[in-house]
Amino acid sequence: MATLAQPERPAARPTYAEVTRDIVATLGNPGRTWYIVFALVLVILAWGAGALLYQVRYGLGVAGYAPPVMWGVYITTFVFWVGIAHSGTLVSAILFLFRSAWRTAVYRTAEVMTVFAVMTAGLFPLIHVGRIWYAYWLIPYPNQRQLWVNFKSPLLWDVFAVTTYLIVSTCFLIVGLVPDIAAARDTVTGWRKKLYAITSLGWRGTDQQWRHYTRAYLYLAALATPLVLSVHSVVSWDFAMSIVPGWHTTIFAPYFVAGAIYSGCALVVTLLVPIRKAFKLERYVTPDHFENLAKLLLLTGMIVGYAYAVEYFMAWYSGNPYERAAFWNRAFGDYWWATWTMIICNGFLPLFLWFKKVRRSIPAMLVLSLFINLGMWFERFVIIVVSLSYEYEPYAFGHYTPSWVDWSILAGSFGWFFMWFLLFAKNFPMVSIAEVKEIIPMPRKERAHA
Amino acid sequence: MSAAPGGVLAGFRQVDAAAQAIRSLKEMGYRDFTVYTPVPNHEIADAVGHRVSPVRLWTLVGGLTGCVSGFAMTLWMSYDYPIVVGGKPLGSIPPYVIIAFELTILFGALATLAGLVFHAWRSHRAAAYDPKFTNDQIGIFVPCLAERRGAVQQLLQSEGAVEVRLES
């Protein structure tokens, strides 16, 4: 043993004090790069907001909608962002219930991403309805005609599912954050101490507080788990409940849920790489974490690839000429490029993840994650736009080309998401202090004497 | 923050030492002490020996309320202004299951949060505190009269406290 070199210090297990120090060090002055990126994000957001104002002023006609395609980029992007939101709760709630220790270092990023992704997604139905100022009609409130909303419509199920998801995932995020803010409060000085003193809600980690907290967290996780599976199922029923060829299938719910977790985990990877680098968290977010995320990506990617295959198989096997025509059109029609982008990015590229070298290579994971999300956006585009453009009646076939307003609002949604994300990363711990400590055993008397 | 009562505040680094100190305190008859830990810890929780948190009752009641109100709202609204949609019965249970499900989760989660806030607030005791207790130390605060502080201090020190201070 004497000949072996001592392991390098960073590889050793950090102590509690080091965890607090390293993670609290990520708060505060984020450096020039942060401000440059933030300014860029604000410009993109302003551009998108300008496009939205233009659309509000001149009407939905500027958005490139042409019958029969009345669901375009906005609904595609809505489904995209709701999908992104799913891995957060998977990592934070489902892996919590499975007592999976590796989640502790990455779950905060995933959870923050979830909340802001739902906030982004929630804007799109409003943008899509055109007259935003009537969006409150979706809420069942007593109006003067005593007329209620239509609870048999999948679109209304969506209102309930997405709203519930936003509220519950926000609760979950805040509850998880409180002990960490308290730890930061007890370390920092200046105006931040005041901010954290208020936002830590008087947390001190007393026996009574933990007693209620651990139970509450467990039940929140137990409630969030079926919720996360239900939300994207409900979103998929927006399509599956109608009779459009390419939409009306029973595999949509599991297919969408797998796709959602797939795209969400990919965005977690995309976000973790720069966070890890910028905040010097190499010691906490290790290649092991990327490998675990890669395995999740591989699993869900295989499910998604299988779902694609089943869709094509069923189109052929059903003998339904409309279904067959719809799928032939997907692969070889006007939108062949969208379909093949989706199949290559989601079906073939994740096959690289079978190799351990790829799973443990951070640059490779970053590149793959970007392609996966490109593919996932196109998946929704293919399902929504291509199916609508090619229904039953040849006379009613159509073509939809997104206009500059569509693209600007899509870009603006990334601006909106990253604005919140960057603000959060600057002011609150992106890695959970308490939970990272939890997987490090506390020092003991016996061992100390030994 | 209300002013903390006088007593003894001790910091421990070792979890089993702190757990033993808690058991000894209980043997001496102290019940109203406060234990601080940076993370939830089973050993400490077992030593303190609280019953299971009543928060779970809030979750149950909240969830059931959500479920009942989901069905009640959808059914009542369907019959309050009857419109037949898609030839389906006015009160169609299958689609309403989705609304009831979502409200079960929503009310359950909000009730859990309310329960957490309520019980954490109600069980709050004014006690001395040290910022190290969210970092890497386990803290025990024992409120006691001035004449008993010496004995408590001695006990905590003998159990392995790294620092003990008297609070008045």
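Me: I have this predicted model open. Which strands of chain B does helix 1 lie across?

Reply: Good place to start! Helix 1, residues 15–27 of chain B, lies across strand 1, strand 2 and strand 3 of that chain. With strand 3 of chain B, helix 1 makes an angle of about 15°.

Me: In what order do the strands of chain B come in the sheet, and is the pairing parallel or antiparallel?

Reply: First the general idea: strands in a sheet pair through backbone hydrogen bonds, and the pairing can be parallel or antiparallel. In chain B, 4 strands make an open sheet, ordered 2-3-1-4, with antiparallel pairing. The edges are strand 2 (34–36) and strand 4 (163–167) of chain B, each of which pairs on one side only. From one strand to the next, the twist averages 15°.

Me: Over how many bridges do strand 1 and strand 3 of chain B pair?

Reply: Strand 1 (residues 7–12) and strand 3 (residues 138–143) of chain B pair over 6 bridges, in the antiparallel sense. To find your way in the viewer, look for B:Gly11, which stands opposite B:Gly139 in strand 3 of chain B.

Me: Now the contact between the chains. How many residues does each chain give?

Reply: Chain B gives 56 residues to the contact and chain A gives 51 residues. On the side of chain B that touches chain A, the elements giving two or more residues are helix 1, strand 2, helix 2 (42–48), helix 3 (55–80) and helix 4 (93–122) of chain B. Helix 4 of chain B gives the most, with 16 residues.

Me: And how do the residues on that side of chain B divide into nonpolar, polar and charged?

Reply: That side of chain B has 30 nonpolar, 19 polar and 7 charged residues.

Note on methods: Residues are numbered from 1 along each chain as its sequence is written. Chains are lettered from A and ligands numbered from 1 in the order in which they are written. This is a predicted model: local features need pLDDT of at least 70, side-chain atom pairs count only at pLDDT 80 or more; totals for chains, interfaces and linings use all residues. Two strands pair if DSSP finds at least two bridges between them. Axes are lines fitted to C-alpha atoms, for helices over the stretch in contact, and angles run from 0 to 180 degrees between N-to-C directions. Two residues are in contact if their C-beta atoms, placed from the backbone, lie within 7 Å. Ala, Val, Leu, Ile, Met, Phe, Trp, Tyr, Cys and Pro count as nonpolar, Asp, Glu, Lys and Arg as charged, and the others, Gly among them, as polar.
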